[in-house]
Amino acid sequence: MAHQQTTIFVKVQQQKLQKLVTETMQLKALLPKVVHGDILHATTKLRHLEMVLEDRDKEVEKLRLDCEHLRAKLDIALGDCQKEKEDKLKARRQLSDAQRQLEQQADFCTSLGAVVCTLLWRVSRSEASVQAILVGCKVKEFFTLASQTVESYVKSMPGDFKTEDAGGDESQFVLAMAGIVTNIAATACGREYLMSMPGGKTILDVFLQILMELSTGQCIKFKTLILMTLYNVSINTSGLLYLAEKQGMVKLLCWLLEGEQDAELRCHALRLIQSLLLEPGTSQEVADGVRSCLPEHFLQSLVANRHVELRDAAKELHEDLQAIHIKA
């Protein structure tokens, strides 16, 4: 059955129809303007966003390139750092090897010096040998070396452990040097030589300083050799005057007498005090210094000591003190 199309009609007032027609015409006139303005605004905004996005892309690309550049620099820096670490490790190994070789050389030189000086110490026991040494050797350089060596040796030892190691090359080296100076001072020509040159007086000053710095009971052999040297020097007139003029000399010797227990060391200290008493210009001053530092009962205990040489030296000193007191 065929579809029948029906038409529906609506009755509208003429006035409303006219109003509708008017509004429709207005919309037809305004719609293109409104739609065209929005499109232009949207288009402009879109173009702006596209430019912003393009700038962002360029900035991102620039940052990517910068990042790659920095990464490349970082890789180079890491490579350089690794190479520097390897170089430092290699240099540290070389330094360690050099220090070990230097220590070996120093030990060898110390050992060689100890042997040579010990031999020279033994050889210099006779006056003829000392004369030969003074003529044939560079004695000035030796005194300078000896002063520096013994001073450095004492300063390098820990304060609470200044003890002698008889088996050590360094200790033997220093003892041998001190022994050579002692043997030189034991001869008339040697004493005269010591007092006639600045280097000789310098080593005497160093010896006195070492006696003051070392505590009681420390480096007994070394201090004994020093006291023997000073006593030998005091036999010379110039040497006696030089030692007598040293401030605190008597006090130092009295301190050694009271503090030390080694008989040989105390015996040499007594002999040196007795030698200083022989100087007419300072005998009274030395005697007063001994009396003020050493009590009478201590001197009496030394006079009664079982060690023969110490007892005899103390007895002679006591008699000399009494003689000077009587003269005064």
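Trainee: How many helices and strands are there in the protein chain?

Mentor: There are 13 helices and zero strands. Helices are DSSP runs of H or I with at least four residues, strands are E runs of at least two, and both are numbered from the N terminus. This is a predicted model, in which local features need pLDDT of at least 70, side-chain atom pairs count only at pLDDT 80 or more, and totals for chains, interfaces and linings use all residues. Residues are numbered from 1 along each chain as its sequence is written, and side-chain values use heavy atoms, with hydrogens and water left out.

Trainee: Why are α3 and α6 called roughly parallel?

Mentor: Helix α3 (residues 139-156) and helix α6 (residues 198-213) pack at about 15 degrees, with axes 9 Å apart. Axes are lines fitted to C-alpha atoms, for helices over the stretch in contact, and angles run from 0 to 180 degrees between N-to-C directions. Angles under 35 degrees count as roughly parallel, over 145 as roughly antiparallel, 65 to 115 as roughly perpendicular and the rest as oblique. Therefore α3 and α6 are roughly parallel to each other.

Trainee: Which residues of α3 meet α6?

Mentor: F143, A146, S147, V150, E151 and V154 do. Their partners in α6 include I203, V206 and F207. Contact means heavy atoms within 4.5 Å.

Trainee: What makes S234 buried or exposed?

Mentor: Its relative accessibility is 3%, so S234 counts as buried. Buried means under 20% relative accessible area, exposed over 50%, and partly exposed in between, using a 1.4 Å probe and protein chains only. Across the protein chain, buried residues make up 34% of the 328 residues.

Trainee: Where is S234, and what does S234 touch?

Mentor: S234 belongs to helix α7 (residues 220-234). Not counting residues up to four places away in sequence, S234 touches G239, L240, L243, L272 and S275. The side chain of S234 also reaches the backbone oxygen of Y231 at 2.5 Å.

Trainee: At what angle do α10 and α11 pack?

Mentor: Helix α10 (residues 263-277) and helix α11 (residues 283-293) pack at about 145 degrees, with their axes 8 Å apart. I273, L276 and L277 of α10 make the contact with S283, V286, A287 and V290 of α11.

Trainee: Which residues does A263 contact?

Mentor: A263 lies in helix α10. Leaving aside neighbours within four places in sequence, A263 is in contact with H307 and L310. The C-alpha atoms of A263 and N305 are separated by 9.3 Å, and the two residues are 42 residues apart along the chain.

How values were computed
A polar contact is a pair of N or O atoms within 3.5 Å; within protein, one must be able to donate a hydrogen and the other to accept it, and residues adjacent in sequence count only if both atoms are side-chain atoms.
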